[in-house]
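These are my notebook entries on one protein chain. I set down what I looked up, entry by entry.

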Amino acid sequence: MPRSRINGNFIDKTSSIVANILLRIIPTTSGEKEAFTYYRDGNYAEALQNYYEATRSEIDPYDRSYILYNIGLIHTSNGEHTKALEYYFRALERNPFLPQAFNNMAVICHYAIQQGDSEIAEAWSDQAAEYWKQAIALTPGNYIEAHNWLKITGRFE
């Protein structure tokens with residue numbers, strides 16, 4: 001077996017162990033834990049159902065923002081970009097300090113540029129740039145590729 005595959009299996013197993021430990025110690029509702037378990041296992045339909053249920057019971061805006069963000073992640077994974085953007089926006093309304101939501105929104109805009117209409121590509125590029133700037137402002141030093149894209153395209157100030 002190639003060394004990279006052995007290392008990959010080790011990393012996968014280690015990540016699973018850490019995720020299981022965090023799942024036990026982080027103060028979340030049982031619905032949120034169940035949703036994360038389904039998400040981690042790739043069962044997005046069940047995860048969505050549990051995250052939707054968790055949104056009905058979670059009243060803390062900060063915790064709710066992460067539930068909404070996770071729903072956005074699943075919609076992104078399913079290629080439902082309009083729905084994903086809606087949930088990222090809703091997450092950011094409750095917690096404007098989610099750089100990963102800004103990043104994912106920028107990635108969706110960038111994907112739209114590659115898929116289509118050259119007439120609106122510039123608008124999508126500008127929108128992606130704005131989202132990436134917000135993500136970088138929240139976590140300087142992260143999103144290096146986005147930072148480079150902003151410089152290359154002349155959108156970095």
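**Salt bridges and their surroundings**

I began with Glu93, which forms a salt bridge with Arg94, the closest N and O atoms being 3.6 Å apart. I used the term for a side-chain nitrogen of Lys or Arg within 4 Å of a carboxyl oxygen of Asp or Glu. I noted that this is a predicted model, in which local features need pLDDT of at least 70 and side-chain atom pairs count only at pLDDT 80 or more, while totals for chains, interfaces and linings use all residues. Residues are numbered from 1 along each chain as its sequence is written, and side-chain values use heavy atoms, with hydrogens and water left out.

I then looked up how open the two partners are. Glu93 is exposed, at a relative accessible area of 62%, whereas Arg94 is partly exposed at 30%.

I found a salt bridge between the side chains of Glu86 and Arg90, at 3.8 Å from N to O. Both residues lie in helix α5 (residues 81-94), 4 residues apart, which is about one turn of the helix. I took helices as DSSP runs of H or I with at least four residues, and strands as runs of E with at least two, numbered from the N terminus. Glu86 has a relative accessible area of 40% and is therefore partly exposed. Arg90 is also partly exposed, at 26%.

**Entry: a link across the chain**

Which residue does Asp126 meet in a salt bridge? I found that the partner is Arg155, at 3.1 Å from N to O. This pair links distant parts of the chain: Asp126 is in helix α7 (residues 118-138), and Arg155 is in the segment after α8 (144-152), 29 residues apart. Is Arg155 buried or exposed? With 13% relative accessibility, Arg155 counts as buried, while Asp126 is partly exposed at 37%. I also noted that Glu122 joins Asp126 and Arg155 in a network of salt bridges. For the whole model, I recorded a count of 5 salt bridges.

**Entry: the annotated span and Ala84**

In the model, residues 65-98 are 79% helix and 0% strand, and their end C-alpha atoms lie 9 Å apart.

I next examined Ala84, which has its place in helix α5. Ala84 is buried because its relative accessibility is 0%. What does Ala84 contact, apart from its neighbours within four places in sequence? I listed Gly72, His75, Thr76 and Ile108, counting heavy atoms within 4.5 Å as a contact. The C-alpha atoms of Ala84 and Gly72 are separated by 4.1 Å, although these residues are 12 apart along the chain.

**Entry: the whole chain**

The protein chain has 8 helices and 0 strands. Of its 157 residues, 33% are buried. Among contacts between residues at least 6 apart in sequence, 39% join residues at least 24 apart.

Key:
Buried means under 20% relative accessible area, exposed over 50%, partly exposed in between (1.4 Å probe, protein chains only).
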